[in-house]
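Q: I would like a close look at a single part of this model. Please keep it brisk and go residue by residue where that helps.

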Amino acid sequence: MKKTIFASVLTVSALAFAGCGSEDASNTAGEDGNFEPSKTIEVVAPAGSGGGWDTTAREVARVFGETEIIDENMTVINREGGGGAIGWAYVHAKEGDAHSMFVASPPLMFVPLNGQSEHGHEDFTPLANMIADYGAFAVREDSEFEDLNDLFDQMKDDPESITVIGTSAPGSMDHMQFVRIAKAAGVDPTKIKYVSDQEGGALTAVLNGSVDVFSTGVGETIEQVRAGNIKVLGVTAEERMEGEVLSEFPTAIEQGIDESFVNWRGFFGPPGMDEAAVDYYEAKFQELSESEEFAEVREKYGWNEMYMDSEEYSEFLEGEKEEIAALLEEIGLGQ
Amino acid sequence: MDAFQGLLTGFQVALSLEGIMFVLIGVIVGTLIGMMPGLGPISAIAIMIPITYGMDPAPALVMMAGVYYGAVFGGSTSSILLNAPGISGTVATAFDGYPMAQQGKAGKALAIAAISSFIGGTVSVVLLMLLAPALSSVAISFGPPAYFALMFMGLTAISSLSEGSTIKAMIAAVAGFMVVTIGIDPQTGTQRFTFGNVNLFDGFDFLIIALGLFAVAEVCMLILNRKNRSLSDDQKLGSLKLSKADLKEMSGPVSRQSFVGFLLGVLPGAGATIASFISYIFEKRIAKNPEEFGKGSIKGLAAPESSNNAATSGAFVPLLSLGIPGSGTTAVMLGAFLVLGVQPGPLLMTDRPEIFWGIIASMYLGNVFLLILNLPLIPYLAKILSIPRPLLISLVIMFSLIGVYSISFNVFDLYMLLVFGALGFAMRIFSFPAPPFILAFILGGMMEQAFRQSMTISNGSLSIFVDTPLPLSLLLVALISLLVPAFLKWRSNRLAYKQR
């Protein structure tokens, strides 16, 4: 009997404690409407270690800590699978949690549009965009094509003769960035031959001549260009990029093709995140984006600065989504 | 800078006090991680990425490389002792290593594995040093048609991986093919057999299948036959000493498969797992007594063990000289390079010779350390077999669960481990062999993708497989290996008929 009483006292006090804890977390907005994190912030990378999402999340968490822009600890956890869908579902379940966020980029749009995730960007709370990266279209150094127009002219004459390879699945980033630019140049987007190689053989297939064009991120091309193995016909940036090799890459716009594609990367919170928390994070991300320490990080990985606050970010994403959805519809991949 | 001068620079890095220390830490961590069933080098390297922030890149990368080949070295231990593959590259090690341990020759099996690993590792480092720049052209010579032909060649071995019924082997292989199609199809982005379940979108990780079909199924069998109190029939660990005859027997496979493994390692996408299987099949095909394979053959143990370690160094060729990661582990390594501010690729050798050659030189050292560390440990490791059965069974189950959970921290994977454990158990009971299932699973996915990539490139014409010499010759080898045994059988039948 005594034992039971003791146990129930324990349970009650444990419950009371748990209650306090959650109250603490949700009430930190305080009376004056300001939010301060009160415990460790969890940053989810919806992919494995070593990739773009993971690196961005870890560098951001590290610089936040080192510069003390955010005092609370930030820990990065990996929730891998389904091209991000598993990580998104994980964050989606934390509705209203102001101590949780994840890193995202265009796949957050492509994957749901391809019907492979229940959750898309509109199901989350955009906090801030941080960086921009761009796509590049590369061919072998000894290729007959000298610029994008050479390539696209050939594709207009004989679409079967050109194969494009990328790392992502059809309907995802590497494929759609190419389709978008090619369509603007007048190529029939339904006739583009795209193969996907997710085992690391994409660059190999370009180098040995199995396929013609490699659609990828600019960062992936720099070393190969420096070594004289491939040449970049065009990049998807709006303007010339800065940097040693990067500044030599012509944009599609320069070549008279009025289209661009940005591989944006930013942070999102769970659905229903408190207004005060969003204000807090967007201010902190802006501070981070403007810091010297983060400028060094951008330089190290060849990323471009592209800060957007929560509202700007939502508008930008809406516009992107419409355009991509229409394009997917046109090539028969829309859901 | 020529290779010799480069290597001198490399040894200056590797033989500095710091270098020696980090190689040692790397190989010790690697061996330990490799020994745990299911825990592989990917997670170990991933954990190290944040730890090495701000470190000098050369020692940091030397350490991570040590973790990688150390894990492949150590992965054989649990394959041999428990039939629970330490890492995916050591699944084939269990085929003959585990029967040997059951026959009371655990000590010998571990010694053979260690020596084969050492030789495979060292031979391939020499090849890596001499040929890395030249081999980068081999690494890129394989396009989709050649990959298809290579995988097809590997698959012709299904019949030789089976004991007894060929039909049962084929059924197992078809089941393996079916399982590998589950998930999002990379060529169309369509979901196949996922039933809309997001956990199935990426398909199954190889380790779930390997641990289910081998470790969990084995545990079920052990529970069923609980007469023996410990795992080994013969409780003795057996002598560690290898006789001259043993050494002679393993010399052939080890010397051949060190080269085969290295070359397969160089090809992006092939890697240690495929290399170990192909080497096993290769040796069984040319052996005078193939019927001994699968029952504790020294050759059958030495071949995959030398091959998987050789493939590990081979995988550094595309990574270091092209910046192409050929496997999951090297992809994480590539991430680690970038975090440390080093760009692997064609210019690494000239831009950062101390890193390029430092890693290569450290591998010599690392392999020596591994041998010195592992040989004296064998008697202690082999004592695992005398752990009382109930305890051992619980440990194997626990480690398998931890290993699977650590792949992507997804509870769903644990249920799948149990499903494949049940499947493996049923296959044992009804004597369906597991190796063809595993082989079809490993090769089938890549084979299908390569086939369909080829078809897109050629606009649907099959001639793409015979137009160029590389895929053509691989397909011819496959054809010969299918026809020759059939012809021999037909001839011996005819002779027997005539004599009657």
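How many residues does the contact take from chain A, and how many from chain B?

A: A caution to begin with: this is a predicted model. The contact takes 43 residues from chain A and 45 residues from chain B. On the side of chain A that touches chain B, the elements giving two or more residues are α2 (52–67), α3 (85–92), β6 (193–196), α7 (202–207) and α8 (218–226) of chain A. The largest share of that side comes from α7(A), with four residues. By residue class, the side of chain A that touches chain B holds 12 nonpolar, 20 polar and 11 charged residues.

Take one residue of chain A that touches chain B. A:Thr163 is found in strand β5 (residues 163–166) of chain A. Not counting residues up to four places away in sequence, A:Thr163 touches B:Thr456 and B:Ile457 in chain B. A:Thr163 counts as buried because it has 21 C-beta neighbours inside 10 Å, and the cut-off is 20 or more. For a sense of distance, consider A:Ser117. A:Ser117 and A:Thr163 are 46 residues apart along the chain, and their C-alpha atoms are separated by 28 Å.

Now chain B. Helix α9 (residues 206–224) of chain B has 19 residues, which should span 27 Å at 1.5 Å a residue. The end C-alpha atoms of α9(B) are 26 Å apart, so the two values agree. Still, α9(B) has a kink of about 35 degrees, centred on B:Gly212. This helix is mostly covered, with 14 of its 19 residues buried.

Helix α12 (residues 298–314) of chain B is another case. Its 17 residues reach 24 Å from first C-alpha to last, close to the 24 Å expected at 1.5 Å a residue. For α12(B), 17 of 17 residues are buried.

Last, the nonpolar interior. In soluble globular proteins, nonpolar side chains tend to be buried together. Here the largest nonpolar core has 271 residues. The residues with the most contacts inside this core are B:Ile45, B:Leu61 and B:Met64. Helix α6 (residues 106–139) of chain B provides the largest share of the core, 17 residues. Leaving aside neighbours within four places in sequence, B:Leu61 is in contact with B:Ala336, B:Phe337, B:Leu340, B:Ile355 and B:Ile359.

Terms used: Residues numbered from 1 in each chain as written. Chains lettered and ligands numbered in written order. Predicted model: local features only at pLDDT ≥ 70, side-chain atom pairs only at ≥ 80, totals over all residues. Contact = placed C-beta atoms within 7 Å. Nonpolar A, V, L, I, M, F, W, Y, C, P; charged D, E, K, R; others polar. Expected span 1.5 Å × (residues − 1). Buried ≥ 20, exposed ≤ 12 C-beta atoms within 10 Å, placed from the backbone. Core = buried A, V, L, I, M, F, W, Y, C linked by C-beta atoms within 7 Å. Bend = angle between axes of the 7 residues up to and from the residue.
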